[in-house]
Amino acid sequence: KRFEFFVEEILPKVLANIDEDEGRCLVYIPSYLDFVKVRNYMKKNNKSFVNCCEYTQPRETGRARQLFFHGEIPFLLTTERFQFYHRFRLRGAGHVIF
């Protein structure tokens, strides 16, 4: 139900705001399984995003953070566990969704 609510209610509003504001959105996802659902949905619908999770290689994490910070990619998906263990500063977000 959380995933359906996110896809039907929250994501369309965020996409509309990002198109208008040219801002970037950081999405914190509580569990890895929810992260995989959202990531697969974004891939399936050809949304432009990068992701960082606890299983992402350090090189890929750095690249994703750089693309997001410089505004080349509007969405950064990350898990709470990633933030807890790595404590990176994820800069450049205009909107944050928990």
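## Terms and basis of the model

A residue counts as buried under 20% relative accessible area, as exposed over 50% and as partly exposed in between, with a 1.4 Å probe and protein chains only. The structure described here is a predicted model, in which local features need pLDDT of at least 70 and side-chain atom pairs count only at pLDDT 80 or more, while totals for chains, interfaces and linings use all residues. Residues are numbered from 1 along each chain as its sequence is written, and side-chain values use heavy atoms, with hydrogens and water left out.

## Confidence

The predictor's confidence in each residue is given as pLDDT, from 0 to 100. The protein has a mean pLDDT of 87, and 96% of its residues reach 70 or more. Among its elements, helix α2 has the highest mean value (92) and helix α1 (residues 2–21) the lowest (81). Helices (H or I, at least four residues) and strands (E, at least two) are DSSP runs, numbered from the N terminus.

## The sheet and its helices

Four strands form an open sheet in the order β2-β3-β1-β4, with parallel pairing; two strands pair if DSSP finds at least two bridges between them. At the edges stand β2 (49–52) and β4 (95–97), each of which pairs on one side only. Neighbouring strands are turned by 20° against each other on average, direction ignored. The axes are lines fitted to C-alpha atoms, for helices over the stretch in contact, and angles run from 0 to 180 degrees between N-to-C directions.

Strand β1 (residues 25–29) pairs with β4 in the parallel sense over 3 bridges, and L26 stands opposite V96 in β4. Helix α2 (residues 32–44) packs on the sheet and touches β1, β2 and β3 (75–79), its direction making about 160° with that of β3. Helix α3 (residues 58–69) also packs on the sheet, touching β1, β2 and β3, and its direction makes about 140° with that of β2. Contact here means heavy atoms within 4.5 Å.

## Aromatic pairs

The structure holds 6 aromatic pairs. Rings of Phe, Tyr and Trp (its six-membered ring) pair if their centres lie within 6.5 Å; planes under 30 degrees apart count as stacked, over 60 as edge-to-face and the rest as tilted. The rings of F3 and Y41 are edge-to-face, because their centres are 5.9 Å apart and their planes stand at 80°. F3 lies in helix α1 and Y41 in helix α2, so this pair ties together parts that are 38 residues apart in sequence.

F82 and F88 form a tilted pair, 5.7 Å centre to centre with 35° between the planes. F82 is buried at 1% relative accessibility, whereas F88, at 29%, is partly exposed.
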